[in-house]
Each structure stands twice: as structure tokens, then as C-alpha cells.
Amino acid sequence: QEDSATLKWNAEEGGHTYSWEVHRYVQMKRQHKLFGNFEFIGELYLSHLLRPDTAKSIFEHLLHPDCFQDDTVEAAIKFIEKVGRTVEERIANDASKRKISQEDYNEILDKFKKIWSDSEESKEGIRTVGKRIQKLIQNMVEN
């Protein structure tokens, strides 16, 4: 058995060999970029420079049952933590112009809850997230 620090694999393209350290570095860099982008998008939404229906489609994309990964769910959590209060205030105060309805917002929260419950049950053939992300979802829903 090889030590995970020395384990290497061939990339599909180019025949390069990468170590787990390089893989982890690339993964961390991707997450940093992803989270930074959603921090910026959240600021655009808060500044009324991003349409509410665009924000809704971002959640739909990040939480799509066939595509999500731990880091995309975490990015969605960071995004909803950034804009959630504002969305709730806009729903309560601006019924005539809103693009995200209360039903849409509840649907987004239900997607988080479904990801959490499916991961808790660890159903065969259903995409799940890790324990850390489950806990983040649970905390977000409780708050």
C-alpha cells in the first residue's frame, strides 16, 4: 500500500503526474475562487445590481440534484447567508415587484433540507454530501 502523501496518478490529458499535495492545492484554489465569486455576486445582489431571478437561478444551478458537490453546496450556503436576510426583507416589503416569491424562497430552503436528509440517510444511488456540509446545512436552516 502506498502512502497517500506519495500516491500519484496520471492526468487524463497530457500524461502529467500529480501528487496528492498538488491535487489538494488545486482543489483549495478552486474553492477559494468559487467562494470569492459568490461573495462578489452576493454584494451585487445586495446593491440591487443583480436581478432576483438571476439569484434564484444561481441556487438552482448550485443545488441541482445531478450536479452538486460539497463545495458547490457550501458556496450556496455562503450565498444564502449573504443574501438571505435581504431576500426575506424584500419578500415582506415589496410584494408587487419581487421576482423571488415566498414559495421560491421556501423551495430553495427545501432543496437544502433535502440534500441534508438524503445525506443523513445515505440512500444508495442518491448524491450526498459530507458530514461537515451536513452540519453547515443544519446550522443554516436552524438560523
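**Largest pocket**

I looked up which element gives the most to the lining of the largest pocket: H3, with 5 residues. This is a predicted model, where local features need pLDDT of at least 70 and side-chain atom pairs count only at pLDDT 80 or more, while totals for chains, interfaces and linings use all residues. Residues are numbered from 1 along each chain as its sequence is written, and side-chain values use heavy atoms, without hydrogens and water.

I noted the lining as Ile80, Glu81, Gly84, Arg85, Glu88, Tyr105, Leu109, Lys113, Met140, Val141 and Asn143. Helix H3 (70-93), helix H4 (102-121) and helix H5 (131-142) each give two or more residues to this lining. A pocket here is an open set of points on a 1 Å grid, where a 1.4 Å probe fits, with protein on both sides within 12 Å along at least five of seven lines; lining residues have an atom within 4 Å of a point.

**Helix H4**

I checked the span of H4: its 20 residues reach 28 Å from first C-alpha to last, close to the 28 Å expected at 1.5 Å a residue. The expected span is 1.5 Å times one less than the number of residues. Just after H4, I found Ser122 with a positive phi of about 50°.

**Confidence**

I read a mean pLDDT (the predictor's confidence in each residue, from 0 to 100) of 82 for the protein, with 84% of its residues at 70 or more. Over residues 1-10, pLDDT stays under 50.

Definitions and conventions
Helices (H or I, at least four residues) and strands (E, at least two) are DSSP runs, numbered from the N terminus. Contact means heavy atoms within 4.5 Å.
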